[in-house]
Amino acid sequence: MKLTILTQELRKGLNFGERLTGRNLTLPILNNVLIEALPNFLKISATDLETGIEWWGLCKTEEEGRITIPAKILSQVVNNISDEKIEIEDKNDTLFIKTKTFKTQIKGFTADDFPIIPQFSKENFIEISAQELRDGLSDVVDIASLSQIRPEIGGIYFVFEKDQVNLVATDSFRLVERTVKSSNYKNSFNEDIKFILSQKTTKEVINALEENVGLVKIYYSESQILFETSLNEVDHPEIDLISRQIEGNYPAYQEIIPKEYKTRIIVDKDILTKQIKLAGLFAGKINEMKIKTDDKNLEISSQDLELGENSSTLEVRIEGENVEISFNYKYILDGIARVKTKNAILELQGASGAGVIKAEEGGDYTYVVMPIKR
Amino acid sequence: MTQEQIWQTVLAQIKLNVSSANFATWFANTKIAGLSGGVITVSVPNSFSKEWLEQKYKTDILKILKSVDSSIKDIEYTITPQKKIFLNNTVKINNDEQLGFSEFERDEETNLNPKYDLDKLIVGPFNELAYAAGEAIIENPGEAYNPLFVYGGVGLGKTHLIQGIGNKIKERHYSKKIRYLPAERLITDVVNSIRENKAEELKREFQTIDVLIIDDIQFISGKTKTQEEFFHIFNALYQNNKQIILSSDKHPGSIPTLTDRLRSRFEGGMIADVSMPDFETRVAILKQKSEEKGLNISFEALEFIAANIQKNVRELEGALNKILIVEKINKRPSNLDDIKKQLKSIISVKTKVTSVENIIDKIIEFYSLEDNNLFISSRKKEYSKPRQLAMYLLKKELKLSYSQIGRKFGGKDHTTVMHACSLVEKEYEENQKFTQEVEMILERIYS
């Protein structure tokens, strides 16, 4: 193989690839990335056998070929190159990297032992703005909690309906649902597509969509999912991210989201956040914070036996009956942080029912949190 | 040669020619899923293995297969995801107070609640038979004791035991399909299937189950249609060596209006009772529960609770919860005197006296009699037995005189009552099944 590529391009590709390497001890080749020189493209592939990533970047290819190289050393070398262009060549399972000022060679392995990343039927697909999907995923991904007895609950639940996308995650104390409605959303399947991805994979997806301003295509098969982004310059995929789904059925999460409320509090998000952070200082080991309403005022208080106590009163809009309830203040902060409007809505159903945090407008965000027993 | 052996031959030969890392990565958890018309189907754990075997080893594998069985022409691959066994390493939020979504506590697939861990069940003389039977079943579901019938009073850990067995089977034999159902669910399912004309479908669905666990089976008493359907389901599973585990609050012989064919089937496997834990076990239970709850409580206090709450494990836990809440309010640990005061309400209820009406009601309820049938003068055993027992309990529990009791039963002579009491007493001593019945009725009277 022989090719010339922009350093910046190669660096980008290696960064995607490197993230998936170095996690497998039984098969050392998984620490490598596969580098392929194709006509006009350099392709970099990496996999941990759960998730696979393929990246394409434009380059000037003089001679086609393929080789696998330890990902870590290659990306460290490339990250330290300051010249604009890089020439790459391989000879006898060794990779030669050359720039104007710099020459290096790295020992690699034959590409024949590198796992084959599964192919997909591309008949039906879902298409959505990469930016919007990424924003939605960023809102839910951190809520999921890995350490679950039931792996399916620890994942991120994707529901692609006819005209909207629901993204759901829970750690069994709280649950977040984010709806993405996008003008360029397309679902060519005849039915709703639902699947569960692990938190780790979802983070990879977010990373792959990071700088993409275009559309992402999603292909679905019974046990695998493929996310595909396209290059801006030419009509060719940039990243193919393939992942295994998590087995199992996601619970009927809609049953958890309360349909009604007994108390509804509408409050400026920033002011509330500040007061909760204050209360958090005295919230003790279990992070307990009390909320109490009386018609117009919202009282937030906390008490720590050793440190002291704190209480603050806010004038807010309150509908419905008065209530006194305790929450883990961190959970409430997490919920409010994702509200994108000026005001946040907090809906309560009595002292032991779930609380719901929403944005004042939009209806695309629902955060359900269970209280602390009093 | 069985399919298993064929595949073993393939693996043995392949192993000679590939590195052990490659072999472990690509050939682990593969097996032959089927063979038809010269095409052999190999199941692989993921699509990476599928691609690899398809593209790199197809000719090698086919060659070996042909040498074993010349009729094999082609290989197909199918993906069978491995169920991962996740260790129970839940990061415990270090307090009980944070409420969670109860909807998630159930496993969608098996309907079991993972919190019922068999390792956390305290085993004592009161339940060791049932536990041992459970252990044998976990080793070899469907082969050891089938069906396992566990019975005993409320709050003694029947549900914990049978769900714990289910969870353990799931852990050990993850390919087994397990289904836990409370009997009420079974009844609703049967009723719905009849209404929607889907009785056959229901039967088929049940027949795919490897381990069927039904809680509180006594509730199917009187539900003729459910009993009939369950009879067929039971037979189908039993004949295919599928494990059946049942729990009930009574011995199968004491479940009223249970058809004989079901009764005899319930009695055909292993019947194990769960009775009241003895004092030492109660202390052990309290100790474990208080450790789980992070409650620091003196040994004397535990002994006090164990001595005063005798009949029900659930109440033991209730007592601890109460102490825990008071501690939280008082912000200091409770000592023995505090605890005595706090538990007064729970304990005093236990020594509450009962009434004639209550005893009669409970007997009528237990034997599912029509109201007045307790008072008719019939010599049929189904009427005479509850009647005599009622007389006996009125004498023993309320210390009524023989003639008082006689008057309550339509002017019977006091000698009749005396005779009844001595009959019951004799039966009580000699017949263990009857003893348990009486104890269960007493428990209901005083609950």
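**A working chat on chains A and B**

Colleague: In what order do the strands of the open sheet that includes β4 of chain A run?

Modeller: In this predicted model, chain A has an open sheet of 9 strands in the order β6-β2-β3-β4-β18-β17-β16-β10-β14, and the pairing is antiparallel. Its edge strands are β6 (65–70) and β14 (186–187) of chain A, each of which pairs on one side only.

Colleague: Which helices pack on that sheet, and which strands do they touch?

Modeller: Helix α1(A) packs on the sheet and touches β2, β3, β4 and β18 of chain A. The direction of α1(A) makes about 175 degrees with that of β4(A). Helix α2(A) also packs on the sheet, touching β2, β3 and β6 of chain A, and its direction makes about 95 degrees with that of β6(A).

Colleague: How many bridges join β2 to β3 in chain A?

Modeller: Strand β2 (residues 32–38) of chain A is joined to β3(A) by 5 bridges, and the two run antiparallel. L38(A) stands opposite F41(A) in β3(A).

Colleague: And what about β3 and β4 of chain A?

Modeller: There are 7 bridges between strand β3 (residues 41–47) of chain A and β4(A), which run antiparallel. In that pair, L42(A) stands opposite G57(A) in β4(A). The two strands form a hairpin with 3 residues between them, where L49(A) takes a positive phi near 70 degrees.

Colleague: Which strand do 5 bridges join to β4(A)?

Modeller: That is strand β18 (residues 237–244) of chain A, which runs antiparallel to β4(A) and is joined to it by 5 bridges. The bridge partner of W55(A) in β18(A) is I239(A).

Colleague: Why is strand β4 of chain A described as largely enclosed by the rest of the structure?

Modeller: Because 7 of the 8 residues of strand β4 (residues 51–58) of chain A are buried.

Colleague: Back to the helices. At what angle do α1 and α2 of chain A pack?

Modeller: Helix α1 (residues 7–18) and helix α2 (residues 71–79) of chain A pack at about 150 degrees, and their axes are 10 Å apart. That angle makes α1(A) roughly antiparallel to α2(A). The crossing of α1(A) past α2(A) is left-handed.

Colleague: Which residues meet there?

Modeller: From α1(A), the residues are T7(A), L10(A), R11(A), L14(A), N15(A), G17(A) and E18(A). They meet A71(A), K72(A), L74(A), S75(A), V78(A) and N79(A) of α2(A). The residues of this contact divide into 5 nonpolar, 5 polar and 3 charged.

Colleague: New topic. What is the strand order in the open sheet that contains β15 and β23 of chain A?

Modeller: The order is β15-β11-β12-β13-β27-β26-β25-β19-β23 in chain A, which makes 9 strands with antiparallel pairing. β15 (193–197) and β23 (317–320) of chain A each have a single partner strand, so one side of each is left without a neighbour in the sheet. From one strand to the next, the twist averages 15 degrees.

Colleague: Is E309(A) buried or exposed?

Modeller: E309(A) is exposed, with 12 other C-beta atoms within 10 Å. This residue belongs to strand β22 (residues 308–315) of chain A. Leaving aside neighbours within four places in sequence, E309(A) is in contact with F282(A), S301(A), S302(A), Q303(A) and D304(A). The C-alpha atoms of E309(A) and A283(A) are separated by 8.3 Å, although the two residues lie 26 apart along the chain.

Colleague: Now the overall picture. How many helices and strands does each chain have?

Modeller: Chain A comes to 6 helices and 27 strands, whereas chain B has 20 helices and 8 strands. Of the 374 residues of chain A, 44% count as buried; for the 447 residues in chain B, the figure is 33%.

Colleague: How many residues of chain A are in contact with chain B?

Modeller: 30 residues of chain A are in contact with 31 residues of chain B. On the chain A side, these divide into 17 nonpolar, 8 polar and 5 charged.

Definitions and conventions: Residues are numbered from 1 along each chain as its sequence is written. Chains are lettered from A and ligands numbered from 1 in the order in which they are written. This is a predicted model: local features need pLDDT of at least 70, side-chain atom pairs count only at pLDDT 80 or more; totals for chains, interfaces and linings use all residues. Axes are lines fitted to C-alpha atoms, for helices over the stretch in contact, and angles run from 0 to 180 degrees between N-to-C directions. Helices (H or I, at least four residues) and strands (E, at least two) are DSSP runs, numbered from the N terminus. Angles under 35 degrees count as roughly parallel, over 145 as roughly antiparallel, 65 to 115 as roughly perpendicular and the rest as oblique. A crossing is left-handed if the near helix is turned anticlockwise from the far one by less than a right angle, and right-handed if clockwise. Two residues are in contact if their C-beta atoms, placed from the backbone, lie within 7 Å. Ala, Val, Leu, Ile, Met, Phe, Trp, Tyr, Cys and Pro count as nonpolar, Asp, Glu, Lys and Arg as charged, and the others, Gly among them, as polar. A residue is buried if 20 or more other C-beta atoms lie within 10 Å of its own, exposed if 12 or fewer, and partly exposed in between; C-beta atoms are placed from the backbone. Two strands pair if DSSP finds at least two bridges between them.
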